[in-house]
Structures are given as structure tokens and as C-alpha cells.
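User: I'd like to go through the helix packing in this one and ask why things get the labels they do. Can you walk me through it?

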Amino acid sequence: MELDTSTMTALWGAVIVSGLYHGINPGMGWPLAVSAGLMEGRHVALPKALGALAAGHLLAMLAILLPFSVMSVLVGWQMEIRIGAGALVVAMGLYLLINRRHPKVLARIHPTRLVLWSFLAAMAHGAGLMLVPIYLGICGLDVGQGGHEAARQLMGPNIASAFIVALAHTAAMTVAGGLIAVAVYFWLGLRFLSRTWFNLDVVWALSLVLVGLFGIYFAYNGH
Amino acid sequence: MTLRPDPTFHATAALAMQAPVENHGFTVMLSPGGDLPDGIAVVDLNPKSKTYGQIVHQVIMPNKGDEFHHFGWNACSSSLSPLSGHAFLERRYLIVPGIRSSRIYIIDVKDPLQAKIHKIIEPEEVFAKTGYSRPHTIHCGPEGIYVSTLGGGGADGTDGPPGIFIMDCETFEIIGQYEMDRGKQDKHYDFWWNLPQDYMVSSEWALPPQFENGIVPEDLLSNKYGHSIHFWDLRKRKNIQTIDLGANHQMALEIRPAHDPKKSYGFCGVVVDTTNLQGAIFTWWRGEDGTWQAKKTITIDPRPEDPANLPPLLQGFGAVPPLVTDIDLSLDDKYLYVACWGMGEMHQYDVSDPMNPVLTGKVELGGIARGAKHPIGKDFVFGPQMVEISRDGKRVYWTNSLYSTWDEQFYPGQEGGQMVMANVGENGGLTLDKDFYVDFPKGYRAHQIRLEGGDCSTDSFCYPNV
């Protein structure tokens, strides 16, 4: 039981940390919030843009997590689903490692359509997939604790936890990205933008591979 | 791909002005008539260098008759766009199109003194993938490199309208036509945009038969050259408004939007007004209701001249037209430089109030029936033409050829190529620099200039000045 509590803490920690990680990545949109604030010339445009970016990110997380929560009715296949999901995340990571081209479609979106942009940016980079092994880990623990509930009873809590995971992750992302955006907007200035914009492409792809491998490992080991 | 953004990418125009100054320039070497292959001259711009003001390297092409004119970078400050997040390109390649051959050269200038050809795109590929010909202006944009063309399909480039095509900014593969709805646009010349505000503006010179073998006086006098500017929804690729500047305003060429993307205005130079031979600058802006407007804000009068001193083309008029052939706007959106190629003058206007420009500086050099010499006593053939401003706005460089066949009509018998520089005073004013005079190798004329690390007609900024 003690082990499960600490694993649970670690998994929720991973939800938050992945959120912070997505938030500081310029590719998930904080420069857009700075730009919106400066272009409109009103402070209020910045939180508005952050809100829109958060909404798009949340939708992208849910679009990925909800199908998995529905799949949890197949309780007998839990291990296979978790291994399959882990493999999918690894595959996305490998794909991003091999295909280093940037998704051009993002450049086609009008600068004011931030919800759509944020949704597509998260989808294109596999941001939602990064959460799947963590999320399935959390669901798996619930099963362990609850014993032999019927599949129907399981789905409700799993959908609920998909929302909680997505919300917690997005909140962490918005706080991290928001802090940077606010700091650049009010104090650091735009020089900071080009100085701190690191190429995270490889790190990001490797993160996906790593998270996927952990997912597979924990599936085998019953967490 | 790099780990950090290229140090020559700047979030704002103001930051670009504070960046280190240029050490090298790249200038087109044009062989009129295609006797020699065209090239790119690398010019030393570092006053502390022993070879300051000299051509220190030449990249000579393997083909003849390309007719180099304008060119541009594979990547610029637009790479810091928060939308495309494509910050890890290098500003490393010059995209140099031949407007006569339709061939495109990609030149690697990572080390300017070792600059070399990286890739050649043959004309057949341009024709097949775009339906356009005679590639001209280059801008690095959101989805790749945008290239404007002067001709459509067919041998004389009149089979279909010219337009813009897009190239991949990493592989230099041609992707295809840009336009989804071109509206009234049937001629092309320059284009530029405001990326955050998502609009593009394009202009019109003429169709290939109207320029390739020289200016066609009958077409000019019957106002058949371009006289409209077009406004586009950049991402929808749709012409949303066309403004006819008036048929007498022949040849609407350079489009210079304000560099600060918060501003919704810019300028366009008109070569000649056929009713009075004036040159003109129009200011265009977006009105309160969201529609575009344009107004003539600068006029430059012709200079009366004894017909005996004039080339045959102009004898009937008894005057030298200014011929506004190039304009360029400093990065602080303060000074607009206007090349009067016919009259032999470079003008500097304070355009802090874009609706009321004020003439603040003027240099006389070359010119029809005048031939003003450089202060060091040397000749400057033709007149001031392609102009480029240093990022900090303190130095203004220019060359003198307009277009091979047109040079001969306006300046019969003259030959050569020069590049000069003028210093900008603290409060405006323009003075030719006596230490900078580049004479081009025999057989070559000089055309567009690009400055290492970007200049005032290449970079698009995605964030407003703070």
C-alpha cells in the first residue's frame, strides 16, 4: 500500500512536471501570448491569449486521453492496452527524431486563432501522447485498489480522472508558460526571446520515447 | 538546424538596429547581353579592414545570360515567428534568381570569403512546378521562401498571369503557386507583408514583352504598364483589395511596409507619371473600417533640359524625368530613401509622419545629361538605383544599373558598375563617403545589394517595438 501511495504521488508528479515542461517549451505557445499583448498594446490581451492557448492544449489532451479512458472497459486487456499505448508513444518519439521537418500547417493559421493553433501544435508534437502512459498508470492503480469492479463502473471514474489529469497538466503548463510570458512582457524584454529559445526538438522526441518505455515497463510490473 | 536561433534573427526591428554592424555585402554582378556569366561580388564593408571597399571574393555562375536582378535570404528574423516556431534555421544561403533565364541559384555564404554555389534549380523545374517564369523578389516567410515572378507560362511569359511561388526553406524544393484567388492581379513585381497582421501587398511592373527588349514607349504613353497595388489575406492566399493608383502612374514598383508590425502602413514608389513626368511615392494604409487606402505623398518634378543633351527616348519631352526606381525604409521607420535614377539623385525623406514626408537630405550623382561625379573625382555611370540601408540606419549603399536593356535606352553609350556609400547625419542629411567607391570588374554592372546578417529590405519582424 505504501508503495502504491508513493507511485501514485510520482505519477501525479509526472502529470505536473510534464505540464511545466510543455509550458516552458516556446513551441507550445508562450511567445504568442507575449506577441498578442504587445500587438494589441493592452495588458489584458496577454492573459486572454494564455487562456486561449490553455483551452487548445486542454482539448488536445482530452482528445487523446478520452479514447483511452473508454478503452478501459476492456479491463481484461489492460496490460495489452498499456503496452500498446507505450509502443505508440515510443513510435511518435522515433518519428519526430527521424522526421525533423516542422509542421508547416501551423504557419497557415491566422495569428488570432490561438485555441486552434494550440490544439494543433499539441497534436502535431504528440504532447497528449506524452501523458497517456502516465494516465494509464494512474487508472491501473485505481483498478488494483478497487479489486473486481465491473467494467461499466470503471469507465466513469476513468473518464473523470482523464479530465483531472488533463486539467492538472494544462494548469501546470499555463502557469509555467504564463510566468515566462509575463516576465518577458513586463521585465525581460524581447531580447530574452531569441537568447533563451533552445532547440528542444531532440529532447522532446527523446522524452516521448522515455515516457513510452516507462509505460511499457510499468505495465509488465503491474503498476 | 542549430541549437540556438541564428544570432542575426531579431524579435523586433529595434533589436536588429542594435546588432553588430555589417562586415560584408553581397552585390549582383550583371553582364549586359550575357557576354560573361553573372555573379555575386562579396564586398568588404569593414572600415578597419585592409581590403575595405574592395571586392574580396566573386561567385561566378556556370551559365551565361541569367540576368541577375534581385535576390534574398533563405531565412530571416521571421523565423522567430511565434506561430511557426521555426527558429533553428541558419541565415546562410542567398537565393539568386535569373530574371531572363528563370534559373535559380542557391549560394552558400556561411563564410563570405568562401561563398559557393550550393544548388541550381533549372528553369524547366520552375516552369513545370509553378506555371510561372522570370523569378524576381525573394522573401523568407511563414511556410518557406516566397518568390515573386514577372512572367507567366510560354516563351514570352504571357501565357497566364505571373504570381508568387513557394520554395521549401531547407531543401529548396519548389512547392508550387501561392495564390488561391488572385482577383484582378495580372502583372507582378514586388511584394512584402506584415506577418502578425496577416496581410501582404504586391505591385506591378509590366509583362515580359514590355521590358525584356527595352522599354516600349508606345505602351508607356498609352499607360499600359502596371499601376495598381494589391492587398492580400496572407494566409488565405486571397486578393482582398486592389487599388488602382491611376493609369498615369506608370510602374508601381517597390513595396516597403513599416518594419514595426504594429503599424498598418507602408510606401510604394511609382517610376513616372505620364502626364507630367513626375516621380511619386504613395503611402498606403488601413483605414478605420478595415479597407485599404492609398494617397500620393511625395512628388518629384522633372528637370527641364535641352533636347540636344537627351537620349532619343526623351528628346520629345525636353526634360529629364526623376524615374523613381527603388525606395528603401530604415528599420526605425523614420527615413525613406528614394532613388531618382533618371535625374541622378538620392533623396532622403523623414517619414515619421507617413502622410507628410519631409525632404531631409539629397545627394547628386550621375544622372541623364548631368553625370555628376563622385566627390573623389570618379565617374558614376547611369544614376543611383538599387539602395540598401545598414541595420543601424547610419550607412546607405547603392549601385547604378536599372535593367540591362533599359540602361542603354536612358544612358546610351555608358558602361560600367559602381557601388557607393553615404553617411547619414545625426539629424538626417546624407553625405557621400569619400573612402568607399567600388568599381566593378570590366564587363559587369552592379545591381541589388544584400548586407551580411540582414538589411532593411529583407527581414520581417514578428513582434512590435516596445
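This is a predicted model: local features need pLDDT of at least 70, side-chain atom pairs count only at pLDDT 80 or more; totals for chains, interfaces and linings use all residues.

User: Why is H4(A) called roughly antiparallel to H9(A)?

Analyst: The two pack at an angle of about 165°, with H9(A) being residues 201-220 and the axes 8 Å apart. Angles over 145 degrees count as roughly antiparallel, so H4(A) gets that label relative to H9(A). As for handedness, the crossing is left-handed. By class, their contact has 20 nonpolar, four polar and one charged residues.

User: Which residues of H4(A) are buried, and what makes them so?

Analyst: Among them are Ile81(A), Ile83(A), Val89(A), Val90(A) and Leu96(A), and Arg82(A) is on the list too. They're called buried because each has 20 or more other C-beta atoms within 10 Å of its own.

User: How do you know that H2(A) and H3(A) meet?

Analyst: Their axes come within 8 Å and cross at roughly 145°, in a right-handed crossing. On the H2(A) side, Leu32(A), Ala33(A), Ala36(A), Gly37(A) and Glu40(A) meet H3(A) residues including Ala45(A), Leu46(A) and Leu53(A). That contact has eight nonpolar, one polar and one charged residues.

Notes
Residues are numbered from 1 along each chain as its sequence is written. Chains are lettered from A and ligands numbered from 1 in the order in which they are written. A residue is buried if 20 or more other C-beta atoms lie within 10 Å of its own, exposed if 12 or fewer, and partly exposed in between; C-beta atoms are placed from the backbone. Helices (H or I, at least four residues) and strands (E, at least two) are DSSP runs, numbered from the N terminus. Axes are lines fitted to C-alpha atoms, for helices over the stretch in contact, and angles run from 0 to 180 degrees between N-to-C directions. Angles under 35 degrees count as roughly parallel, over 145 as roughly antiparallel, 65 to 115 as roughly perpendicular and the rest as oblique. A crossing is left-handed if the near helix is turned anticlockwise from the far one by less than a right angle, and right-handed if clockwise. Ala, Val, Leu, Ile, Met, Phe, Trp, Tyr, Cys and Pro count as nonpolar, Asp, Glu, Lys and Arg as charged, and the others, Gly among them, as polar. Two residues are in contact if their C-beta atoms, placed from the backbone, lie within 7 Å.
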